[in-house]
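Q: Please explain how a pocket in a structural model should be read.

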Amino acid sequence: MAPMDARAEDFRGNKGLLVITSPEVAAGDVSLVEDFDTQSASTQSSPESTDPLPFEVETIPGKGLGAVANIRIRAGDVILREHPVVMQLAQVSEPISWMQALWVLEEGFIRLPREDQQRVFELSRSTGGHVLEDIIRTNTFGASFNNVAHLGLFPNVARINHACKPNAITRFSPRTLELEIVAYKDILPGEELSISYSMLNMLHQDRRKALQEWGFNCTCALCSSPPEVLAISDAYRRRLSEIFSELKDPVLAGSPSLVAELIDELEDIMVKEELTAQAGEFYGIVAGVYRNMGEMELSKEYAKLAVEKLVAFAGYDDERTVRAREVLLEFGGTQLGTG
């Protein structure tokens, strides 16, 4: 059996979707990808897919094209919802030649609606070589299909440039294959939209290395800061790692006051470094610490906070949110963490 399979099918009406994956994944339960009312998990309003996008694609000095807000966007607003045009298996377990991979890609791509093909060819390139392969390498985001890691190509989302302290975040739904862009802070008309292509709490040099995958060196406000500013930022981020190590120290089991001090410091760094989007994961760790200490009420409180933040910043059916909801249910809380 061939190590890769390509399918280009109608998806959400007349929209095309090219899935390049293994036969095992392709034969999986496609009912996992279903219509899902995300409003049941969020009270935030969002534009319908037929509404005009709240941004224009413009030339950004030093960056090429980018997305610039054309209306005021409030923190928490859903800026964009988009389904992928291409989903490609992130790692192939069986050997396949470069020519075989290109053949699969091209054969599947030509089956997409012409409008989708045009949208893809308009995207940026960075690595050289085969045009279509270059576009996919430059513009895809990590996504899950049938519980297996894939790369998703979302043409509108791909127009949004990276920043290490972005003004928007991404939420992916493995049940609908929909990627949402959500405002992380208030955004004014004329302001460029940005998301982070890397983990928010990474150190400067680690971010630079990670971003080479997209073929560019970051020139965002943080990365363009004076060395002393970058050093302070990195110091805060290193301190985060130290706090998590200290929280896992068994010596803390008899010192709730010290744990509380570390949590206060953790929250202070989250605010200073604009890392609130990761608060759900951080609070999940804190919930586990209190649980190990036997402080069940405090553990439940932080488990609830973890769910609320993960729903807001990762998405209702993100695997991290699912795990956090399961933990909360053990305390008798509701799935959304409101009980």
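A: The elements β7 (140-145), β8 (148-153), β10 (168-173), α9 (296-313) and α10 (319-330) each give at least two residues to the lining of the largest pocket. Helices (H or I, at least four residues) and strands (E, at least two) are DSSP runs, numbered from the N terminus. The model is predicted: local features need pLDDT of at least 70, side-chain atom pairs count only at pLDDT 80 or more, and totals for chains, interfaces and linings use all residues. Residues are numbered from 1 along each chain as its sequence is written, and side-chain values use heavy atoms, without hydrogens and water.

Q: What space lies in the largest pocket, and which residues are the closest to its centre?

A: Rolling a probe the size of a water molecule over the atoms shows where empty space is left. On a 1 Å grid over the protein atoms alone, where a 1.4 Å probe fits, a pocket is an open set of points with protein on both sides within 12 Å along at least five of seven lines; lining residues have an atom within 4 Å of a point. Of its 44 lining residues, Gly142, Thr170, Phe172, Asp318 and Arg320 are the closest to the centre. Strand β7 supplies the largest share, six residues.

Q: How far should the coordinates of residues 32-48 be read?

A: Where pLDDT is low, the predicted coordinates should not be read in detail. pLDDT, the predictor's confidence in each residue from 0 to 100, stays under 50 over residues 32-48.

Key. Contact means heavy atoms within 4.5 Å.
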